[in-house]
Amino acid sequence: MKWLLLPMIILLLSSCSFFQIEVPPDAYSVDTALQILENQEYKLIDMKDVDQYKDVEMKGKVAVFESKTGNALLLYVHKGEDAKKVWKAINKKSGFLSVRSILELPNMGKFSTVLNGKKIVAWWKKSWFFIAEGRNEVDEFVKHVYRVYGVLKE
């Protein structure tokens with residue numbers, strides 16, 4: 001009976017949306033990965049180069065999106081072989097006690113937290129690392145990002 005419990009728990013947890021982590025194909029540039037997210041729900045307002053996030057070196061881009069309801073959402077993207085290293089450094093900076101949920105596997109990771117009134121969701125997989133943040137609608141925006149990138153792998 002005990003040997004059935006573990007597979008059932010794993011199956012239950014794997015169906016949870018928290019385990020869904022989508023990233024664009026490796027052939028995509030950071031610019032392309034951000035631009036394809038624009039649609040009727042989310043308008044791409046601006047895109048700039050960044051070299052850090054919360055005092056952690058992270059060369060990449062930040063894009064500002066505006067939702068249909070007028071909420072501003074930021075999406076930071078880093079692409080490189082050091083994505084997991086950047087993930088670990090930013091995860092550590094976020095403060096363990098303030099992290100609401102965390103998933104860390106050898107090939108991907110995701111955490112969600114609220115800091116200074118902003119919801120932050122960060123994830124990495126392969127050579128991609130993302131941080132979505134905003135005051136409202138962050139979870140919905142992350143679901144949109146996953147849907148877009150999920151279609152690309154099909």
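Here is a quick briefing, starting with the overall layout and then moving to the details.

Keep in mind that this is a predicted model. The chain has four helices and seven strands, and from the N terminus on they come in the order α-α-β-β-β-α-β-β-β-β-α. Of the 154 residues in the chain, 43% are buried. If you take the contacts between residues at least 6 apart in sequence, 49% of them join residues at least 24 apart.

**The nonpolar cores**

- The largest nonpolar core has 27 residues, and the ones touching the most other members are Phe 65, Leu 75, Trp 123, Phe 130 and Phe 141.
- Two or more residues of this core come from each of α2 (30-35), β1 (42-53), β2 (56-67), β3 (72-79), β6 (118-125), β7 (128-134) and α4 (138-153).
- The top contributor is α4, which gives seven residues to this core.
- There's also a second, separate core of 17 residues, and Val 50, Tyr 53, Phe 111 and Ile 131 are among them.
- As a bit of background, nonpolar side chains in soluble globular proteins tend to be buried together.

**Aromatic pairs**

- You'll find eight aromatic pairs in the structure.
- In one of them, the ring centres of Phe 65 and Phe 141 are 5.2 Å apart and the planes sit at 50 degrees, so this pair counts as tilted.
- That pair links distant parts of the chain, as Phe 65 is in strand β2 and Phe 141 is in helix α4, 76 residues apart.
- Both Phe 65 and Phe 141 are buried.
- Setting aside neighbours within four places in sequence, Phe 141 is in contact with Tyr 42, Phe 65, Leu 73, Leu 75 and Ala 132.
- Now for Trp 123 and Tyr 146: their ring centres are 5.1 Å apart and their planes are at 80 degrees, so the pair is edge-to-face.
- Trp 123 belongs to strand β6 and Tyr 146 to helix α4, so this pair ties together parts 23 residues apart in sequence.
- Trp 123 and Tyr 146 are both buried.
- Ring pairs also join up into a cluster made of Trp 123, Trp 128, Phe 130, Tyr 146 and Tyr 149.

- Helix α3 covers residues 83-94, which is twelve residues, and it spans 16 Å from its first C-alpha to its last, close to the 16 Å expected at 1.5 Å a residue.
- Its buried residues are Ala 83, Val 86, Trp 87, Ile 90, Asn 91 and Ser 94.
- Why do they end up on the same side of α3? They cover an arc of only 130 degrees around the axis, which puts them on the same side.

**Val 86, up close**

- Val 86 lies in helix α3 and has a relative accessible area of 4%, so it counts as buried.
- Where does the chain come back to it? Phe 129 is 43 residues from Val 86 in sequence, yet the two are 7.7 Å apart in space, C-alpha to C-alpha.
- Leaving out neighbours within four places in sequence, Val 86 is in contact with Val 56, Glu 57, Met 58, His 78 and Phe 129.

**Ser 67 in strand β2**

- Ser 67 is part of strand β2, and with a relative accessible area of 5% this residue is buried.
- The side chains of Ser 67 and Thr 69 are joined by a polar contact of 3.0 Å.
- Apart from neighbours within four places in sequence, Ser 67 is in contact with Glu 41, Tyr 42, Leu 73 and Glu 137.

**Two lysines with positive phi**

- Lys 54 has a phi near 50 degrees, a positive value in a residue other than glycine.
- You'll find Lys 54 in the loop between β1 and β2, where it counts as partly exposed at 39% relative accessibility.
- Lys 126 has a phi near 55 degrees, again a positive value in a residue other than glycine.
- Lys 126 sits in the loop between β6 and β7 and is exposed, with a relative accessible area of 54%.

Notes:
Residues are numbered from 1 along each chain as its sequence is written. This is a predicted model: local features need pLDDT of at least 70, side-chain atom pairs count only at pLDDT 80 or more; totals for chains, interfaces and linings use all residues. Side-chain values use heavy atoms; hydrogens and water are left out. The expected span of a helix is 1.5 Å times one less than its number of residues. Buried means under 20% relative accessible area, exposed over 50%, partly exposed in between (1.4 Å probe, protein chains only). The arc is that of the directions from the helix axis to the C-beta atoms. A nonpolar core is a set of buried Ala, Val, Leu, Ile, Met, Phe, Trp, Tyr and Cys residues joined through side-chain atoms within 4.5 Å. Contact means heavy atoms within 4.5 Å. A polar contact is a pair of N or O atoms within 3.5 Å; within protein, one must be able to donate a hydrogen and the other to accept it, and residues adjacent in sequence count only if both atoms are side-chain atoms. Rings of Phe, Tyr and Trp (its six-membered ring) pair if their centres lie within 6.5 Å; planes under 30 degrees apart count as stacked, over 60 as edge-to-face and the rest as tilted.
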